[in-house]
Amino acid sequence: MAGHELIDRHLQALAVRLPRSVVEELADGLETSYEEQLERLGDPEEAARAALADFGDPDTITTAFVRLSPGKTTAIRLLVIGPLVGLSWGAAFVTGHAWAWSIPLPARLAFGIALSVAVFMLVLAVRERRHYQAVRLAALGGAASAVVLDAAILGTVASIVPPPSLLLLLALTASIVRILLVMRAVPAMIRHP
Amino acid sequence: MRAEALKGHLDGLLLAALEDGPRHGYAVKEALRDTTDGRLDLPTGTVYPALHRLEQAGLISGSWSVVGGRRRRTYELTEDGRRSLAGARDHWQEFATAISTALGGTPWPATS
């Protein structure tokens, strides 16, 4: 860490919210700034204050990084396409008289719970602005729940084999597209930064 | 100069600061300040998220090294970044010419 407690405290505040590699990069910039200010001003306290004033507050910096995170981007995309996927399945179910399908009550309940969890996690990932790791975990949870939902519904349709229709084809396509979107986004969410 | 005035131009400015060779985040900020005689002095902390955004867009690439016992991330322009910088320059020239003409009081062509 740097040679002044004010700098250390600032970096610790960032370390709680951001990934280690990002904090290491920020630490290098802040410490370089502190060293330059120390050379210019001569007084460690003044130099630390000047470097921190020039650096910016932790809230602004963490908000900017969280906004860029792959988890946030994925959660926004899933929340945007979620209602479209839901509507396409709704239309397919209504026209296919899905209420007559023999789906056990526990399966229906599990589906409702998974849907609620997915929406809750994705909304959490979109709304959280200060904690990178929380956004990442919430987005991963929401994305995984969305895939489970799509896989369950695809499996149900495959086992029941309802009469084919354009709306059913549209809904199947929507679910497959969503699964592919999640599969494409997950590696970046796990790896980044 | 206020940060709002830079909206839409920050990416081009950061790419320009990397045109002469690889730089780390603080050096990018210093280069911007020095080349503008201190008129563009961005908060250090705001430069880093912008650099990460450019890296995600494939316009710059970053690599780690150790300097003075500290881990340092240095960025350099990619080919896409060079093309984007050239585009930003062209766009700025057009924009600046149009605004200068408008603000300079150049008369509109006569309509009669």
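## The annotated domain of chain B

Residues 14-86 of chain B are 49% helix and 25% strand, and the end C-alpha atoms of this span lie 13 Å apart. Helices and strands here are DSSP runs (helices: H or I, at least four residues; strands: E, at least two), numbered from the N terminus. UniProt, in an unreviewed entry, gives these residues the annotation "domain: Transcription regulator PadR N-terminal". UniProt positions follow the numbering used here, feature names are shortened, and annotations may be inferred rather than shown by experiment.

This is a predicted model: local features need pLDDT of at least 70, side-chain atom pairs count only at pLDDT 80 or more, and totals for chains, interfaces and linings use all residues. Residues are numbered from 1 along each chain as its sequence is written, chains are lettered from A and ligands numbered from 1 in the order in which they are written, and side-chain values use heavy atoms, with hydrogens and water left out.

## Chain B as a whole

Chain B has four helices and three strands. Read from the N terminus, its elements run α-β-α-α-β-β-α. The chain has 112 residues, and 36% of them are buried. Buried means under 20% relative accessible area, exposed means over 50%, and partly exposed lies in between (1.4 Å probe, protein chains only).

Now the contacts, meaning heavy atoms within 4.5 Å. Take those in chain B between residues at least 6 apart in sequence: 44% of them join residues at least 24 apart.

Where does B:Arg72 lie? It lies in strand β3 of chain B, residues 70-77. B:Arg72 has a relative accessible area of 12%, so it counts as buried. Its side chain makes a polar contact of 3.3 Å with the side chain of A:Thr32. A polar contact is a pair of N or O atoms within 3.5 Å; within protein, one must be able to donate a hydrogen and the other to accept it, and residues adjacent in sequence count only if both atoms are side-chain atoms.

Leave out residues up to four places away in sequence. B:Arg72 then touches A:Asp28 and A:Thr32 in chain A, plus B:His24, B:Ser63, B:Trp64, B:Ser65 and B:Val67 in chain B.

B:Arg71 also involves B:Trp64. The charged end of B:Arg71 sits over the ring of B:Trp64, 4.1 Å from the ring centre. The rule for this: NZ of Lys or CZ of Arg is within 6 Å of the ring centre and within 35 degrees of the ring normal.

## Helix α1 of chain A

Helix α1 of chain A covers residues 5-17, 13 residues in total. From first C-alpha to last, it reaches 19 Å, close to the 18 Å expected at 1.5 Å a residue. The expected span is 1.5 Å times one less than the number of residues.

Which residues of α1(A) are buried? They are A:Leu6, A:Ile7, A:Asp8, A:His10, A:Leu11, A:Leu14 and A:Arg17. Their cover includes α2 (20-41), α3 (44-55), α4 (58-68) and α7 (132-160) of chain A.

## Transmembrane annotation in chain A

An unreviewed UniProt entry lists "transmembrane region" for residues 75-99, 105-125, 137-160 and 166-186 of chain A. Residues 75-99 are 84% helix and 0% strand, with end C-alpha atoms 31 Å apart. Residues 105-125 are 100% helix and 0% strand, and their end C-alpha atoms are 30 Å apart.

## Aromatic pairs

A pair of aromatic rings is described by the distance of the centres and the angle of the planes. Rings of Phe, Tyr and Trp (its six-membered ring) pair if their centres lie within 6.5 Å; planes under 30 degrees apart count as stacked, over 60 as edge-to-face and the rest as tilted. By this rule there are two aromatic pairs over all chains. The rings of A:Trp89 and A:Phe93 have centres 5.5 Å apart and planes at 35 degrees, so this pair is tilted. Both residues lie in helix α5 (residues 70-95) of chain A, four residues apart, about one turn of the helix. A:Trp89 is buried at 4% relative accessibility, whereas A:Phe93 is partly exposed at 24%.

B:Trp92 and B:Phe95 form a tilted pair, 5.6 Å centre to centre with 45 degrees between the planes. Both lie in helix α4 (residues 79-103) of chain B, three residues apart, about one turn of the helix. B:Trp92 is partly exposed at 40% relative accessibility. B:Phe95 is partly exposed at 39%.
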